[in-house]
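User: Hi! Could you walk me through a few spots in this one?
Analyst: Happy to, let's have a look together.

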Amino acid sequence: MDRAKNLRERIAYYRRHLGEGVSAEIASVYLREIAKAEAELRRIERGDEGTTDAMNRRLEWNDAFAIGHTLLDAQHRDLIRLINRLCVALDTKADMTAKHPDLRALLHAAKEHFEHEIAVLKAIVAGPAPDHAKAIGASAMGEHASAHDRALGELHAIVARIEHALADDLPRHADELITWFVVHAIKHDANLKAVFQAM
Ligand SMILES: [Fe+2]
Ligand SMILES: [Fe+2]
């Protein structure tokens with residue numbers, strides 16, 4: 001396994017995304033991932049190849065992933081945990097057959113999380129929340145549901161690519177999983193966050 005090559009590819013991947021004009025919050029997550037990968041690369045170049053906790057963890061919790069709802073934020077943490085567990089396997093380029101249940105578990109957790117978000121939005125719009133929050137919730141609902149449909153489609157596509165990938169391509173798919181989550185939690189859920197901030 002060529003960890004240095006994987007790390008260089010990861011750094012290039014995040015730099016490419018940064019160049020696509022992402023929000024400041026998404027950029028800060030990518031910059032942290034780049035810094036982590038560069039530090040690991042320097043360690044390897046020094047001949048000090050010990051794997052750090054940070055590399056094992058891959059995607060760390062970031063306050064920008066919180067939307068201000070206890071259960072939904074716990075689900076975001078759970079998605080990170082599932083993704084990190086998969087990243088450990090993907091980074092080692094191990095045969096992924098044994099991890100197929102973990103891939104299914106991620107798809108299931110994502111679907112359940114999206115359904116919860118919509119249920120919470122509906123309850124806010126129909127409940128005793130301040131008018132301002134209800135108005136934001138009502139306008140967010142349709143857009144949010146279609147963003148979820150697209151995100152779930154993308155996740156299914158990433159999982160299918162992992163299931164059919166050559167070993168050398170597996171670490172790249174770990175980056176795709178991380179980006180998938182970051183874009184959901186920061187970009188797509190921004191309107192959900194606005195609803196909770198208005199309450
Ligand atoms: Fe979410
Ligand atoms: Fe969402």
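**Histidine 173 and a helix pair**

User: Where is histidine 173 placed?
Analyst: Histidine 173 is in helix α7, which covers residues 170–188. Keep in mind that this is a predicted model.

User: Okay, new topic. How do the axes of α6 and α8 cross?
Analyst: The axes of α6 (residues 131–164) and α8 (residues 190–197) cross at roughly 165 degrees and come within 9 Å. That angle is over 145, so α6 is roughly antiparallel to α8. The crossing of α6 past α8 is left-handed.

User: Which residues meet there?
Analyst: From α6, Ala133, Ile136, Gly137, Ala140, Glu143 and His144 meet Asn191, Leu192, Ala194 and Val195 of α8. By type, this contact of α6 with α8 has six nonpolar residues, three polar and one charged.

User: Nice. Which residues in α8 are buried?
Analyst: Those are Leu192, Val195 and Phe196. They sit on the same side of α8, because they cover an arc of only 95 degrees around the axis.

User: What covers the buried residues of α8?
Analyst: The cover includes α6 and also α5 (100–126).

Notes:
Residues numbered from 1 in each chain as written. Chains lettered and ligands numbered in written order. Predicted model: local features only at pLDDT ≥ 70, side-chain atom pairs only at ≥ 80, totals over all residues. Helix = DSSP H or I, 4+ residues; strand = E, 2+ residues; numbered from the N terminus. Axes fitted to C-alpha atoms, helices over the stretch in contact; angles between N-to-C directions. Parallel < 35°, antiparallel > 145°, perpendicular 65-115°, else oblique. Left-handed = near helix turned anticlockwise from the far one by under 90°. Contact = placed C-beta atoms within 7 Å. Nonpolar A, V, L, I, M, F, W, Y, C, P; charged D, E, K, R; others polar. Buried ≥ 20, exposed ≤ 12 C-beta atoms within 10 Å, placed from the backbone. Arc of directions from axis to C-beta.
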